[in-house]
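Subject: Structure handover

Hello,

Here is the structure I said I would pass on. Please look through it first; my notes follow below.

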Amino acid sequence: MSGQDLQHAGTDREINVDQENENLLTEIEQLCSRTNRSVENILLIGKVGAGKSSLINTIGKAFSGKYISRAEAGKGSSSSKTKTLGRFESVGVAEDDIIDGRRRVKVILPRLPTVYDFPGLEDTDDKRLQELLELVLGGYIPPGKSLGALKQLQKEYRLGSLKESIFTDSRQEWKITTILFVHSCREPAPKKLIACLHEVLTKADPKSAQLLYSGNVHVVMTKYDLVKRQHEYDSENSETITEDDYMAIEKEIVQLFSIDGNRNDHLTRWTSYSDSINPECHNPAIEHCALKFIKLIMTPGTAPDVDMVPVLTIKSKIDMAIRAWYRNNSCMSTQIIFMVIVFCLLPFFTYLLNKGNGKTSV
Ligand SMILES: Nc1nc2c(ncn2[C@@H]2O[C@H](COP(=O)(O)OP(=O)(O)O)[C@@H](O)[C@H]2O)c(=O)[nH]1
Ligand SMILES: [Mg+2]
């Protein structure tokens with residue numbers, strides 16, 4: 001194939017992907033107009049520098065056609081630029097961001113998912129972080145709250161007081177429906193952080209025996225452009241990793257999240273517009289991945305919403321109390337039952353005795 005032919009082949013592929021992206025937008029429009037649908041709340045969790053802010057901005061461009069740095073993405077990975085619980089309505093797109101060719105997006109804008117950006121974490125698993133995650137997942141913490149200030153409150157008062165005394169009211173519209181675990185494929189699996197999330201997600205309501213936080217978990221492996229032999233995204237970054245290294249990290253993450261069976265529905269290999277990939281250039285492949293992901297998140301699951309029906313009723317509580325009492329006092333209760341029987345039969349024996357006495361006297 002000559003150089004010119006190759007160029008044409010590349011352009012044709014881009015046109016195809018652009019067409020596929022238009023189709024995806026149509027499908028997302030249809031998902032937006034579903035009746036009885038409430039807007040999805042997606043929470044991003046991951047280590048500092050995992051690429052959360054870049055991911056939000058990339059999704060924004062996939063819809064608006066223009067890259068706007070709504071979520072502040074940072075260079076390097078030592079400290080998080082995001083200090084507060086960020087809230088990005090309509091995947092961070094404002095009406096003014098939308099370019100002329102994407103006017104159709106204006107109509108669905110208020111119906112697009114809301115993205116929450118949790119400040120970057122370290123690979124830790126502690127009770128304080130669990131409490132914060134529980135509050136965010138349950139819709140207890142208003143957006144914009146500083147994570148540092150909340151941690152300070154946890155230090156001043158005892159662990160659990162944020163949940164029990166300070167943030168006691170949950171708002172339905174803040175409840176998280178999808179947890180997006182964002183992980184840079186150049187980093188080893190953050191085992192402790194995953195364990196921390198697992199601990200929170202397996203907490204159950206003692207009254208109904210149902211899980212407290214029902215959000216779906218999805219893993220995004222970011223910086224996929226840094227995996228060698230991924231020509232698709234034309235990354236100029238030299239910090240690449242081998243495909244074998246990538247596969248080893250992905251395998252470990254898949255195992256930690258127990259998503260081996262349905263990996264395609266729960267894991268996305270992702271590339272964002274970033275320092276390495278100029279956000280001013282149009283890259284249909286990057287936007288395709290972002291649109292496909294949003295479509296997946298908005299597609300209703302097969303599992304029906306289950307009401308929190310209490311398994312502990314007054315009847316069952318009385319029943320259990322009687323049984324417990326009987327277990328603890330089984331010896332004493334046998335004696336009591338014996339005495340009750342004797343007590344009931346006493347008039348009968350007295351009658352028999354009197355009758356017998358009367359007969360002998362005659
Ligand atoms: N090569 C590449 N770099 C990325 C990608 N996503 C983010 N980055 C870079 O990683 C760094 C941290 O990104 P940021 O979005 O601020 O991470 P956050 O701390 O999780 O919000 C920045 O320098 C980004 O340019 C990606 O998909 N590919
Ligand atoms: Mg950030």
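Two strands are said to pair if DSSP finds at least two bridges between them. Helices (H or I, at least four residues) and strands (E, at least two) are DSSP runs, numbered from the N terminus. The model is predicted: local features need pLDDT of at least 70 and side-chain atom pairs count only at pLDDT 80 or more, while totals for chains, interfaces and linings use all residues. Residues are numbered from 1 along each chain as its sequence is written, and chains are lettered from A and ligands numbered from 1 in the order in which they are written.

Overview

The protein chain has 12 helices and six strands. Of its 362 residues, 29% count as buried (20 or more other C-beta atoms within 10 Å of the residue's own; exposed means 12 or fewer, partly exposed in between, with C-beta atoms placed from the backbone).

Confidence is given as pLDDT, the predictor's value for each residue from 0 to 100. Its mean over the protein chain is 85, and 85% of the residues reach 70 or more. Over residues 302–308 pLDDT stays under 50, and the model has four contacts beyond four places in sequence for them; a contact means C-beta atoms, placed from the backbone, within 7 Å.

Strand E1

All six residues of E1 (residues 41–46) are buried, so the strand is largely enclosed by the rest of the structure. In a regular strand the side chains alternate between the two faces of the sheet. In E1 both faces are covered, with Asn-41, Leu-43 and Ile-45 on one side and Ile-42, Leu-44 and Gly-46 on the other.

E1 runs parallel to two strands: four bridges link it to E3 (residues 114–117), and five join it to E4 (residues 178–184). Leu-44 has Asp-117 as its bridge partner in E3 and stands opposite Leu-180 in E4.

Helix H8

H8 (residues 243–256) has 14 residues and reaches 20 Å from its first C-alpha to its last, close to the expected 20 Å (1.5 Å times one less than the number of residues). Tyr-246, Glu-250 and Ile-253 in H8 are buried. Down the helix axis the buried residues fall within an arc of 60°, so they line one face; the arc is that of the directions from the axis to the C-beta atoms. These buried residues pack against E4 and strand E5 (216–222). On the other side of H8, Asp-244, Met-247 and Gln-255 are exposed.

Regards

Definitions and conventions
Two residues are in contact if their C-beta atoms, placed from the backbone, lie within 7 Å.
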